[in-house]
Amino acid sequence: LTSANTAPVLMSSGVQKINITGYDSRIAFLLTKALAPAPGRAIQSDLIATIRMTPATMKMLSFLLHQQMLAFEQQFGVHYPMTAQGLSELNITPAAWEDFWSHAG
């Protein structure tokens, strides 16, 4: 948020947390600490912002992000792969990932 006396603050978020209930959904953006945690320890992070919206708005935002990313990759001939470890940490199978991104919508 900004006021008349402040400019927007741009930050890069390395961690996002999503929570969806029947009445509310939230995306929390966190800034990770520079140092990697010790094995078995959680990543240290500071909350940047939490965005609340209805589940319907969350679903529409998901659709729009998907469409925008597909269009960007097609327009510029680039592809942003996800590592097997990253998919595993998110409990996403490689087949599910490829199926999701193979649909041009």
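Q: What relative accessible area does Arg26 have?
A: Keep in mind that this is a predicted model, so its local features need a pLDDT of at least 70. Buried would call for under 20% and exposed for over 50%. Arg26 counts as partly exposed, because its relative accessible area is 35%.

Q: Which residue meets the side chain of Arg26 in a salt bridge?
A: A salt bridge here needs a side-chain nitrogen of Lys or Arg within 4 Å of a carboxyl oxygen of Asp or Glu. For Arg26 the N to O distance is 2.7 Å, and the partner is Asp24.

Q: Is Asp24 buried or exposed?
A: The cut-off for buried is under 20% relative accessible area. Asp24 has 16%, so it counts as buried.

Q: How many residues apart in sequence are the parts that Arg52 and Asp24 tie together?
A: Arg52 and Asp24 form a salt bridge, with their closest N and O atoms 3.1 Å apart. Arg52 sits in strand β3, while Asp24 is in the loop between β1 and β2, so the parts this pair ties together are apart in sequence by 28 residues.

Q: What pattern of helices and strands does the protein chain follow along the sequence?
A: The tally for the protein chain is three helices and three strands. Reading along the sequence, you get β-β-β-α-α-α.

Q: How far does α1 reach from its first C-alpha to its last?
A: α1 covers residues 55–76, which is 22 residues. At 1.5 Å a residue you'd expect 32 Å, and α1 comes close to that, reaching 32 Å.

Q: Within what arc do the buried residues of α1 fall, seen down its axis?
A: The buried residues in α1 are Met58, His66, Leu70 and Glu73. They line one face of the helix, because seen down the axis they fall within an arc of 105 degrees.

Q: How far away is the nearest side chain of opposite charge to Glu73?
A: Glu73 is in helix α1 and counts as buried, because its relative accessible area is 12%. Leaving out residues up to four places away in sequence, Glu73 touches Val78, His79 and Tyr80. Glu73 has no salt bridge, and the nearest side chain of opposite charge, Lys59, is away by 22 Å.

Q: Why is the pair of Phe72 and Phe76 tilted?
A: A search of the whole structure turns up four aromatic pairs. In this one, the ring centres are 5.0 Å apart, and the pair is tilted because the planes of Phe72 and Phe76 are at 45 degrees.

Q: What phi does Asn91 take?
A: Most residues other than glycine have a negative phi. Asn91 lies in the loop between α2 (84–89) and α3, and it counts as exposed because its relative accessibility is 72%. Asn91 isn't a glycine, yet its phi is positive, at about 55 degrees.

Q: Which residue takes a positive phi just after α1?
A: α1 spans residues 55–76. Just after α1, a positive phi of about 65 degrees is taken by Gly77.

Terms used: Residues numbered from 1 in each chain as written. Predicted model: local features only at pLDDT ≥ 70, side-chain atom pairs only at ≥ 80, totals over all residues. Heavy atoms only, no water. Helix = DSSP H or I, 4+ residues; strand = E, 2+ residues; numbered from the N terminus. Buried < 20%, exposed > 50% of the residue type's maximum accessible area, 1.4 Å probe, protein only. Lys, Arg positive; Asp, Glu negative; His and termini not counted. Contact = heavy atoms within 4.5 Å. Phe/Tyr/Trp six-rings, centres within 6.5 Å; stacked < 30°, edge-to-face > 60°. Expected span 1.5 Å × (residues − 1). Arc of directions from axis to C-beta.
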